[in-house]
Amino acid sequence: MALDVLTVAPLYQGLDINKIRLIAQTTKKSTTPPKALIPAKTKLTTIETKRIMSVLDETIHKVELVSLLSHAASDSKTSEGMLGPDIAKAVREHEDLCQTFLGRVSYLQEEERKLKEAEEFEDEAWFRERLFAMDVQKSQLPPLMQGIKESTKNVVRLLLSNPQAASLLQAQTLGRSKEAQCFIDSLVELRGFLFEKLLTSPMEARDKIQFIQDITRRNRRHQEIIDTLENELAACVRNRNAEVEKENFVVQELKNHLHQVLRFSENSLLRTKQEAEKQQKADFRASQARVAAVQQEILVLQSQFHNLVMENRDTEQALRKKKYKVETEIENWIQKYDSEMSEKQDEYEELDIIHKEEQLQLEELKKRYDVLVEEFSQIQAEREILAKKRLEDEQEMVRMVRAATLIQALWKGYLVRSMLKSKKKKRGKGKGEKEKGKGKRKGKK
């Protein structure tokens, strides 16, 4: 813009050539734009930044799922086949709550409109009753809103626990409203801003602020130069218009004088014509001299203009070369970025395929694990029953052993006692026979 102003300004100025050269020199020095700052890092390195981006990505994913619930609820048969009976039921319940809430809100709005139209009956009893009923209806809205929030959380939790259903629902992008899509686009744009902000280091942030300040100062300086040149151009135009008005005024006075002279007489008309012709010739010669001087001045200004154009053209050529060099560097960086991103995308797709296969294997293993858990529970129950039975048998065996031991002890005690009794009897009989023998022996003596 400054170069365009410099190329036009000399056509209207004839006296401030040195000033124009000074301005051209200052703009020539300041035409090199400062280099735009790009973050040096292209990936997040710290755990905190990765967590922040993961939270934002999860939020965007949940918002995308929530924005498609109304579309899924509108087509219940397709949604039940696509999402499953549990999720479809939760979506229908959520949609019923939303419709109930919207119906109550529309009803309250309609009632408020009617009450505003009937403000002149404020003192009537029915008016106060309707106000009280509206307050009661409004008091019922917060629990309903809380229920909608809870149902939304429940549906999102079910969708996140079933990635296949979530992916099928997310594929239905045509069912999303414009407002929801605009909100999601805003979140994606916020993610880009946040990603760039997290990639920018404090030094880069200060450099960026300095870059913006430099651009602002350059713009302000260029605007001041433009204002100065425009003021000088306006002054030159005013001077030229003043000279033209003066000449027009002189011509008009001559015409008036000529008209007055023509009214007097033919002799005076002839004399006036002769004097006018002489004056015209003199004016013509003077005008030719002025035209020659003006043309000479125009030639000088054109040469100066040509010199300024050549200087600015050299500057522009240098700037174009620099711009071409920068554009080629940017193109190379873009190609390098595209190649790296394509490699990363291929790697991501391979990892995604492996992840899906592992997910399917995990599902199969989960099913097998559920079957094994059920069989293990049955085996465990049978083992518990067998253990109880074995414990009862062992206890029964212990009781039987104790009983047998007690019986054997009693029997041994009985045998011992019976043996002792028999020995006592034998001993008593032996003593009686001895005493009888002694008596007999005494009787014989």
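Two residues are taken to be in contact when heavy atoms of the pair lie within 4.5 Å. On this basis, in the predicted model examined here, residues 24 or more positions apart account for 79% of those contacts in the chain that have a separation of 6 or more. The secondary structure comprises 12 helices and zero strands, and the elements accordingly run α-α-α-α-α-α-α-α-α-α-α-α from the N terminus on. Of the 445 residues in the chain, 17% are buried, and the accessible surface amounts to about 35500 Å², with 57% of this area belonging to carbon and sulfur atoms.

Nonpolar side chains tend to be buried together in soluble globular proteins. In the present model, the largest nonpolar core consists of nine residues, namely Leu 65, Leu 68, Leu 69, Ile 87, Ala 90, Val 91, Val 155, Leu 159 and Leu 169. Two or more residues are given to this core by helix H6 (85–117) and by H8, with H6 giving the most, three residues. One member of the core, Leu 69, is in contact with Val 91, His 94, Val 155, Leu 159 and Leu 169 when its neighbours within four places in sequence are left aside.

The buried residues of H8 are Leu 141, Leu 144, Ile 148, Ser 151, Thr 152, Val 155, Val 156 and Leu 159. Because these buried residues fall within an arc of 135 degrees when seen down the axis of H8, they line one face of the helix. On the other side of H8, Pro 143, Arg 157 and Ser 161 are exposed.

With a cut-off of 2.5 Å between cysteine sulfur atoms, the count comes to zero disulfides. Cys 182 counts as partly exposed because its relative accessibility is 49%, a value that falls between the limits of 20% for buried and 50% for exposed residues. Cys 236, with a relative accessible area of 24%, is likewise partly exposed.

How values were computed
Residues are numbered from 1 along each chain as its sequence is written. This is a predicted model: local features need pLDDT of at least 70, side-chain atom pairs count only at pLDDT 80 or more; totals for chains, interfaces and linings use all residues. Side-chain values use heavy atoms; hydrogens and water are left out. Buried means under 20% relative accessible area, exposed over 50%, partly exposed in between (1.4 Å probe, protein chains only). Helices (H or I, at least four residues) and strands (E, at least two) are DSSP runs, numbered from the N terminus. The arc is that of the directions from the helix axis to the C-beta atoms. Accessible areas come from the Shrake-Rupley method with a 1.4 Å probe; for residues, only the protein chains shown count as cover. A nonpolar core is a set of buried Ala, Val, Leu, Ile, Met, Phe, Trp, Tyr and Cys residues joined through side-chain atoms within 4.5 Å.
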